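Here's a quick tour of a single chain. Have a look at the model first, then read on for the helix packing, the overall build and the pocket.

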Amino acid sequence: MDQAPFILLINGPNLNMLGTREPGLYGSTTLDSIVEQVSAAARAGAPPFDVRAFQSNHEGEILDIIQQHGSEAFGIIINAGALTHYSYALQDALSSVASPAVEVHITNIHAREPFRHTSVIAPVVAGQVVGLGTDGYHLALVWHQRRLAALRAASTEEEPHAGL
């Protein structure tokens with residue numbers, strides 16, 4: 001039996017504080033709960049995915065994870081936190097792997113403080129989901145699921161008699 005493809009779910013600095021950090025802004029959902037919800041939806045989805053979740057407050061650790069696992073992942077969901085706004089090293093790491101990434105932010109970064117309006121990773125990600133709360137993680141997962149389903153359907157159409 002083939003192993004399910006996996007999504008690399010990366011969360012950056014301070015996201016480990018979700019649920020207690022500024023709940024009026026970020027809500028009361030914890031990062032553990034987000035990971036559980038995304039993982040359950042990924043396993044139950046069509047097609048199913050495994051989720052490998054990682055959070056760090058250290059830029060270098062995030063870069064290491066992308067370099068070590070990014071190319072073997074089907075896709076990446078990343079909430080880089082404040083690294084979004086200044087980490088060209090993160091931009092380089094994401095652009096160095098073939099797996100497409102979806103950038104997620106719980107709040108609308110474009111409606112917040114001016115320094116948050118710029119995402120230096122935006123040019124190298126497939127898309128952004130911002131301002132939709134923790135639902136953004138699920139929407140990013142759905143995009144990856146639809147992408148895999150479309151790739152599999154195209155592959156089947158190209159080789160309709162494969163295996164006969």
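This is a predicted model: local features need pLDDT of at least 70, side-chain atom pairs count only at pLDDT 80 or more; totals for chains, interfaces and linings use all residues.

## Two helices side by side

Angles under 35 degrees count as roughly parallel, over 145 as roughly antiparallel, 65 to 115 as roughly perpendicular, and the rest as oblique. Helices here are DSSP runs of H or I with at least four residues, strands are E runs of at least two, and both are numbered from the N terminus. Axes are lines fitted to C-alpha atoms, for helices over the stretch in contact, with angles running from 0 to 180 degrees between N-to-C directions.

Now for the pair: α3 (residues 59-69) packs against α4 (residues 88-95) at about 10 degrees, axes 9 Å apart, so the two are roughly parallel. Contact (heavy atoms within 4.5 Å) brings Glu59, Ile62, Leu63 and Ile66 of α3 up against Ala89, Leu90, Ala93 and Leu94 of α4.

## Overall build

You get 5 helices and 5 strands, in the order β-α-α-β-α-β-α-β-β-α from the N terminus. The C-alpha trace spans about 60 × 30 × 25 Å along its principal axes.

## The pocket

A pocket is an open set of points on a 1 Å grid over the protein atoms alone, where a 1.4 Å probe fits, with protein on both sides within 12 Å along at least five of seven lines; lining residues have an atom within 4 Å of a point. The largest one is lined by 15 residues, with Arg21, Tyr26, Gly81, Ala82 and Arg116 nearest its centre.

Residues are numbered from 1 along each chain as its sequence is written, and side-chain values use heavy atoms, leaving out hydrogens and water.
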